[in-house]
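Biologist: I would like a close look at one part of this model, followed by its surroundings. Please keep it brisk.

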Amino acid sequence: MIRKCFLSRGYQIPLEFIIASSRHFPFITALKHPAAVVTLALLLASCSSTPPKSLVTPLPPVARHPLPDKPVSGHEPVRGVWLATVSRLDWPPVNSVNAGSASLRISQQQQALITKLDKLKSLGINTVFFQVKPDGTAFWPSKILPWSDMLTGKIGQDPGYDPLQFMLDEAHKRGMKVHAWFNPYRVSVNTKPSTVTELNQTLSLHPASVFVLHRDWIRTAGDRFVVDPGIPDARDWITSIVAEVVARYPVDGVQFDDYFYSESPGSALDDSLTFRKYGQGYASKADWRRHNTQMLIEQVSRTIKQLKPAVEFGVSPAGVWRNVSHDPAGSQTSGAAAYDEAYADTRLWVQQGLLDYIAPQLYWPFSRKAARYDVLANWWANVVKPTHTRLYIGVALYKVGEPSKNEPDWMVSGGVPELKKQLDMNESVPQISGTILFRESYLNQPQTQDAVRYLKSRWGS
């Protein structure tokens, strides 16, 4: 008997056909309704012989077994770097967008990436965390998101090649791994009238921006347009985007950054109506918000493991989970805490086995009293110690060589002594399985060159 997947809108697709076709999703193009695109991508994780209650089928609770102190065998220490595409921070080159022709633009972008990967390889970098979803747009030919304007200057314009596939081919050719880095909720980096106009103009595209397809999901927070994390359908939408990439590409991992609930004092997220609709039974809005973030992490984790168990899932949160002044289990710090400000219980995700790795951003020197590097590195090492989750530490390459009144250590001898201390610690604490540098462009800045030479002497071939 042929098993079938039933969609709420009445479509029936044989499960065997979906499995056989999942690499390229050709059947999606036959469906006109945008919601069908999202639903079909989610089917990869939720097909059943009866209409599913949820678009993402939950798995049994994750078993918890203690691990030895040493990192899991088979995983070489990660020597990674984040490569940001938002606002073209690291790539693609700003001037490529204004190239005289499409072929020249493609050539400039591809050559820039090749040059970067060659340099990273020479420095001993073995993993690139490549930002494939910087906002509500994509760096691959998505059936759910429009093309990123970072590639051509215009949202939805086909760049003429597949940047994600190009990155994978070139990195894998050099023996380097690639983790697809997603910003889950951000739709735009500002709320300017010109941005609103650009987003509205995608209405005629297939696919159009979430800004016009699901206007009721869109909020303003931190002076950006974001998707409201409290809406279950929005979380399903994000899960479907990750599913599309994992199903179609040989990525080595998936990473979410620290932007969950991202607010600023003058631009808070107004989710009062969402809380009224979905927040019954929660003692506080804060608890409900943490629940929403938890649901997203659970859905994405289980979906990835259903699609390709070997693909790693990780999160790179703010370095402080909670301060000990707020929680006896917290760290001896007084910094902004992910639990209280981003509504992300990152420690719990490790304890529950939802992540293959966690990469906290420890962007402070040993002498920073409010958030000492060694205090936080040891705190995280103790969190992962009884779990299967690996620990990679995010290091502040962007601060190296920069004058700072509060952190003068970054200026001493080109920042090399501070960087050396951090790498020494990362390589001596058994529970720390790697280092990730933030971010790639700073490897090319004049103020970091002493540190880059040191990295090459330490990591390079």
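Which residues does Phe182 touch, not counting residues up to four places away in sequence?

Modeller: This is a predicted model. With those sequence neighbours left out, Phe182 touches Val132, Lys133, Trp140, Ile241, Val242, Val245, Val254, Gln255, Phe256 and Asp257.

Now the core around it. Phe182 is among the residues with the most contacts inside the largest nonpolar core, along with Phe130, Trp140 and Phe256. That core has 118 residues. Helix H13, residues 373-384, gives the most to this core: eight residues. A second core is separate and has six residues, including Ala221, Val226, Leu269 and Trp288.

Next, the rings. The whole structure holds 24 aromatic pairs. One of them joins Trp217 and Trp237 edge-to-face, at 6.0 Å centre to centre, with 70 degrees between the planes. This pair links distant parts of the chain, 20 residues apart. Trp217 sits in the loop between helix H7 (210-213) and strand E6 (218-221), while Trp237 belongs to helix H8, residues 232-248. Both Trp217 and Trp237 are buried.

Phe260 and Trp349 also form an edge-to-face pair, at 5.6 Å centre to centre and 75 degrees between the planes. Here the partners are 89 residues apart. Phe260 lies in the loop between strand E8 (253-256) and helix H9 (272-278), and Trp349 is in helix H12, residues 346-351. Phe260 and Trp349 are both buried. Ring pairs also build a cluster from Trp82, Phe129, Tyr357, Tyr363, Tyr392, Tyr398, Phe438 and Tyr442.

A search of the whole structure finds four cavities of 30 Å³ or more.

Last, the open space. The largest pocket has a volume of about 850 Å³. Its lining counts 35 residues, and Asp258, Tyr259, Ser262, Ala318 and Gln361 are the closest to its centre. Helix H11, residues 338-342, gives the most to the lining of the largest pocket, with three residues. This pocket lining splits into 18 nonpolar, nine polar and eight charged residues.

Notes:
Residues are numbered from 1 along each chain as its sequence is written. This is a predicted model: local features need pLDDT of at least 70, side-chain atom pairs count only at pLDDT 80 or more; totals for chains, interfaces and linings use all residues. Side-chain values use heavy atoms; hydrogens and water are left out. On a 1 Å grid over the protein atoms alone, a cavity is a set of points where a 1.4 Å probe fits but cannot get out, and a pocket is an open set with protein on both sides within 12 Å along at least five of seven lines; lining residues have an atom within 4 Å of a point. Grid points are joined across faces, edges and corners, and a volume is the space filled by probe spheres set on the points. A nonpolar core is a set of buried Ala, Val, Leu, Ile, Met, Phe, Trp, Tyr and Cys residues joined through side-chain atoms within 4.5 Å. Buried means under 20% relative accessible area, exposed over 50%, partly exposed in between (1.4 Å probe, protein chains only). Helices (H or I, at least four residues) and strands (E, at least two) are DSSP runs, numbered from the N terminus. Contact means heavy atoms within 4.5 Å. Ala, Val, Leu, Ile, Met, Phe, Trp, Tyr, Cys and Pro count as nonpolar, Asp, Glu, Lys and Arg as charged, and the others, Gly among them, as polar. Rings of Phe, Tyr and Trp (its six-membered ring) pair if their centres lie within 6.5 Å; planes under 30 degrees apart count as stacked, over 60 as edge-to-face and the rest as tilted.
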